[in-house]
Amino acid sequence: MPTMSVEEHWNRLKHAKSTSFLKRNMTDLIFRELKDRVTYFNGTLVDCIKGGCINLDSGCGMYASDPEAYDVFWEIFHPVIKDYHKVDKVAHPNPDFGDINNLGFGDLDPTKKYISSTRVRLGRSQAGFPFHPTAKLKDRKELESRAKAALDTLSGELKGSYYSLSEMSEDKQIELTEGHFLYLQGNRFLGDANVYDDWPVGRGIFYNPSRTFLVWVNEEDHLRFISMQEGSDLGTVYRRLVTAMKSLEERSSLKFAHHPNLGFLGYCPTNLGTTLRASVHIKIPCLASKPYFHDFLEKHHLQVRGVNGVHTEMTGDIYDISNKRRLGLTEIEAVREMIRGVGAVLAEEQRLDGSLMV
């Protein structure tokens with residue numbers, strides 16, 4: 001699509017049948033207030049909204065050009081944030097991961113019938129660095145260099161190796177992608193939001209030998225920390241991730257961008273606050289076939305996506321189910337909300353499955 005002005009982008013979205021959070025919350029008055037503002041990194045309103053204006057089927061419809069964008073363009077970001085996270089005000093508590101030695105939860109599916117794998121991930125941004133629309137090649141390289149040095153400080157179960165996408169063979173990329181370990185190009189929503197600029201320079205993946213702890217560098221967020229394993233032992237998965245984060249905060253030079261009202265900052269306004277996403281790959285053919293499936297998930301503050309990630313199709317009867325809310329609650333509260341939700345999903349699946357056998 002040819003380069004368009006911010007006015008052309010807004011007019012395209014304004015007259016479209018879009019249901020994005022951006023479309024629902026942007027008005028002509030807000031647009032006029034924001035269209036000429038610029039951030040420290042020269043981020044503009046068009047940098048923030050063009051992805052959602054090009055892709056009219058976007059869910060959120062906007063991204064932050066850089067950390068400062070959340071304040072410079074607050075008149076649109078705050079309504080979108082409140083709408084998505086279902087909060088009355090933009091506020092976030094101090095981080096609290098709970099007592100990892102006394103969590104009180106473990107295996108979500110002792111029957112081993114429904115859940116095939118479990119993961120918990122956190123997004124983080126390096127303080128003082130721009131996001132994709134305003135980042136330059138040197139920024140991506142510098143961030144990768146800092147990430148590699150920091151990850152090299154990890155030890156024990158977390159110790160691993162970093163693999164640059166620039167140097168990775170095609171066979172290795174296919175292997176890691178098919179195992180749901182790696183990210184690649186191809187997502188039009190992210191592409192139109194500048195996520196693939198300078199690809200693949202500055203991108204890579206870190207993982208331990210057992211591939212239970214991974215870090216994505218310069219994908220959507222600056223850093224994505226992921227703890228995962230087969231089965232449904234959420235306690236072990238969560239404990240591993242928290243241990244890694246505490247180690248990096250204490251022993252590395254990484255400093256994560258944090259906002260007093262928004263918590264940890266991510267590229268997308270759906271991924272703020274805790275930035276925590278606890279998920280399971282779960283087989284629920286009965287519940288998934290019901291017309292009330294998505295309403296059931298919404299009631300329990302859950303979201304669903306394909307097992308290959310956001311904006312991917314569902315495959316068979318297996319779904320990726322996770323907590324939806326990340327702002328306005330602590331990390332341990334977000335995990336416990338996911339536990340309650342998945343418990344409700346399992347109970348409903350068992351109820352439906354039992355009724356079918358009557």
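Mentor: Leaving out residues up to four places away in sequence, Trp-216 touches Phe-181, Leu-182, Tyr-183, Gly-204, Ile-205, His-222, Leu-223, Arg-224 and Ile-226. This is a predicted model, and within it Trp-216 belongs to strand β4, which covers residues 213-217. Because its relative accessibility is 12%, and buried means under 20%, Trp-216 counts as buried. Along the chain Trp-216 and Phe-181 are 35 residues apart, while their C-alpha atoms are separated by 9.2 Å.

From this part we can turn to the loop between α9 (188-191) and β3 (204-207), where Pro-200 has its place. A cis peptide bond, with omega at about 0°, joins Trp-199 and Pro-200. Asn-194 is placed in the loop between α9 and β3 as well, and this residue has a positive phi of about 75° although it is not a glycine. With a relative accessibility of 11%, Asn-194 counts as buried.

A positive phi is also found at Asn-42, where the value is about 65° although this residue is not a glycine. Asn-42 sits in the loop between α3 (28-34) and α4 (45-54), and its relative accessibility of 57% makes it count as exposed, whereas Asn-194 counts as buried.

His-9 is part of helix α1, residues 6-14, and is buried, its relative accessible area being 4%. Apart from residues up to four places away in sequence, His-9 touches Met-4, Val-46, Lys-50, Cys-53 and Ile-54. Asn-25 is part of helix α2, residues 21-25, and is likewise buried, with a relative accessible area of 17%. Once its neighbours within four places in sequence are left aside, Asn-25 is in contact with Ile-30, Ile-76, Pro-79, Val-80 and Asp-83. With Asp-83 there is also a polar contact from side chain to side chain, at 3.1 Å. Asn-25 can be set against Phe-206 as well: the two are 181 residues apart in sequence, and 38 Å lie between their C-alpha atoms.

Taken along the principal axes, the box filled by its C-alpha atoms is roughly 60 × 50 × 40 Å. Buried residues, Trp-216 among them, make up 57% of the 358 residues. If we consider contacts between residues at least 6 apart in sequence, 73% of them join residues at least 24 apart. The chain exposes about 15,600 Å², with carbon and sulfur atoms supplying 50% of that area, and it carries 45 positive and 48 negative side chains, the centres of the two sets lying 2 Å apart.

Note on methods
Residues numbered from 1 in each chain as written. Predicted model: local features only at pLDDT ≥ 70, side-chain atom pairs only at ≥ 80, totals over all residues. Heavy atoms only, no water. Buried < 20%, exposed > 50% of the residue type's maximum accessible area, 1.4 Å probe, protein only. Contact = heavy atoms within 4.5 Å. Areas by Shrake-Rupley, 256 points an atom, 1.4 Å probe, with all protein chains shown as cover. Lys, Arg positive; Asp, Glu negative; His and termini not counted. Charge placed at Lys NZ, Arg CZ, Asp CG, Glu CD. Helix = DSSP H or I, 4+ residues; strand = E, 2+ residues; numbered from the N terminus. Polar contact = N/O pair within 3.5 Å; in protein donor to acceptor, adjacent residues only side chain to side chain.
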